[in-house]
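Dear colleague,

My notes on it follow directly after.

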Amino acid sequence: MQGLKLRIRLFIFLLLGTSSSAYAIADRFRCTWRDDPATSMVIGWDQLSGNDPVLYYSEKNHGQKVSFYERSTRPGYRIKAKGMFNHFVRLTGLKPNTVYHFIVKDSEGMSMPLSFKTAPDTPERLAIIAGGDSRNHRDARRKANRLVAKLRPHFVMFAGDMTNNDTAPEWRNWFDDWQLTIGQDGRITPIVVARGNHEASNKSVSTIFDVKNPGIFYGFNFAGDLLRIYTLNSLIPPGGKQRSWLEADLAAHEQVQWKMAQYHHSIRPHTAKKPERNELMVNWAPLFYKHQVNLVVESDAHVVKSTHPIRPSREAGSEEGFIRDDERGTVYIGEGCWGAPLRTNNDDKSWTRASGSFNQFKWIFVDEYGIEVRTVKVDSEERVQDAATTNLFSVPAGLELWQPESGEVIYIRNDKTAPPPAVTAATPPKKTNARDWSQFPLLRPDAATGKVRLEYALAEACDLTILLIDSNWKEITRAKLPNQAKGPYAKKMDTSKIPAGKYLLVIKSGKNILKRYRIDK
């Protein structure tokens, strides 16, 4: 159905924008990488009919004026797999951080104009969406895909289980739905894929995404030495050849500032329905800690989780082989929920930061100062406006972000002296009343000190005011913080002298409300 809708859009485009009378039956587009993301791109599609397709591309959008495009090439790899005739053009020698426009022309006509953007090759802030498990519920999957189009990340990390039974009809449906990630301007978001247990073989992934390594484990640098992302395969032995490659590659890229990994199975799933993955724990977790992998994205369990920074340990205070280590530990997030059946988050650990059960993906920002992780709840997608094309790091109106008690944003820093980044504040919550504070994060004072921890971010330097209001809307106290620099903050507030009760804490800049918390004591 989605493929039919795309072809209808192509037909309307032809009616409105050109005098041509035929269009190419090229559909189910996807962009991936085999080599340097800054200078290459793989463009794949399903050739439904027509012969001798040629891809024309240029830095300028020439619409369907084929002769105006500067370069052209034919698919270098074609394979019939999963009920599709997959064609792949492997472009190399591209300019970093550059938008390229392209069109496919075959014996029957031309496609609508599309585009992609190469990754930067020098340090620059990146926006990434990460998730997995989209195999069953197409409605939730489509909502998540539409949010990709609206948020316009540099790329998507997808950790497997795209379909339920790895059948041809399911894959055609999956790629039909994936077309919803294409922006209204025709921009395709590249996808970096891992294999899940519902992909019957490595070949299921390599043949339709043109993955260079048939073992489906590989690594890419983004923004020069700012970030390296490892995609691992938890469906083949994690030791042996895969572990040797991972250890050698991590050692060869010590100069990279930030490191992330993705794979399918969670080492310590946060639902009792899933088993522990000790083989991954033994082979990968020590390497993550030794070589300072900062963030790991897991899937498979169909719950939501984030951990505090942790490291492998059997010492006193550890649980299930991990212990909290705020200085050098790795943060693990996940675990799926792109449309697969949700499970109960009933297996938290002592080092769990937060857990839940809802359709979601992770929205990750990376720059030289650190990594920020937000969890996007996808079910309210219809209310979300498109992100501004010039600011991929703003929170668009209507976007629903998870706000657990531990805070909306996870900040990862490895240089305590580095200046904080400019973070765009989230859209202020809707107006509330004294009886409806449940939407705000709950803070509980420390039993010993009476202090609560406040986290917020400033998009620009400003004067702050912090208000404490009781359930009758009476102001109890206020504190003024002049000349606050932009960036993320974590502060402690003493509530030991405040009577027991329920309170609303408001952080304001002028008349703008930046953050609200509820306090029960």
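In these notes, a residue is called buried under 20% relative accessible area, exposed over 50%, and partly exposed in between, using a 1.4 Å probe and protein chains only. By that scale Glu-320 is partly exposed, with a relative accessible area of 25%.

Two remarks on the source come before the rest. This is a predicted model, in which local features need pLDDT of at least 70 and side-chain atom pairs count only at pLDDT 80 or more, while totals for chains, interfaces and linings use all residues. Residues are numbered from 1 along each chain as its sequence is written, and side-chain values use heavy atoms, with hydrogens and water left out.

Helices (H or I, at least four residues) and strands (E, at least two) are DSSP runs numbered from the N terminus. Two strands pair if DSSP finds at least two bridges between them. Contact means heavy atoms within 4.5 Å. Axes are lines fitted to C-alpha atoms, for helices over the stretch in contact, and angles run from 0 to 180 degrees between N-to-C directions.

Helices

Two packed helices are described by the angle between their axes and the distance between the axes. For helix H2 (residues 138-151) and helix H3 (residues 168-178), the axes come within 9 Å and cross at roughly 35°. On the H2 side the contact involves Arg-138, Arg-141, Arg-142 and Asn-145, and on the H3 side Asn-173, Trp-174, Asp-177 and Trp-178. These residues divide into two nonpolar, two polar and four charged; here Ala, Val, Leu, Ile, Met, Phe, Trp, Tyr, Cys and Pro count as nonpolar, Asp, Glu, Lys and Arg as charged, and the others, Gly among them, as polar.

Helix H4 (residues 202-209) is largely enclosed by the rest of the structure, because seven of its eight residues are buried. Those buried residues are Asn-202, Ser-204, Val-205, Ser-206, Thr-207, Ile-208 and Phe-209. They pack against strand E1 (26-32), strand E5 (77-81), strand E6 (84-91), H3 and strand E12 (191-193). Asp-210 follows H4 and has a positive phi, near 55°.

Sheets

An open sheet of seven strands has the order E13-E14-E15-E16-E20-E17-E21, with mixed pairing. Its edge strands, each pairing on one side only, are E13 (218-222) and E21 (352-356). The twist averages 15° from one strand to the next. Within this sheet, E17 (residues 304-307) and E20 (residues 331-334) run antiparallel and are joined by two bridges; Ser-306 stands opposite Ile-333 in E20. Helix H5 (residues 240-252) lies across E13, E14 (227-231) and E15 (258-262), running at about 180° to E14.

Five strands form an open sheet in the order E25-E31-E30-E27-E28, again with mixed pairing. The edge strands are E25 (442-443) and E28 (475-484). Seven bridges join E27 (residues 462-470) to E28, and the two run antiparallel. Ile-466 has Ala-479 in E28 as its bridge partner.

Backbone geometry and a buried histidine

Most residues other than glycine have a negative phi, and most peptide bonds are trans.

- Gly-334 and Glu-335 are joined by a cis peptide bond, with omega about 0°; Glu-335 is found in the loop between E20 and E21.
- Cys-337, in the loop between E20 and E21, has a positive phi near 80° and is buried, with a relative accessible area of 1%.
- Glu-320, in the loop between strand E18 (310-312) and strand E19 (322-324), has a positive phi of about 55°.

His-302 lies in the loop between strand E16 (295-297) and E17 and is buried, with a relative accessible area of 1%. Leaving aside neighbours within four places in sequence, the contacts of His-302 include Asp-133, Arg-135, Glu-335, Cys-337 and Ser-357.

With kind regards
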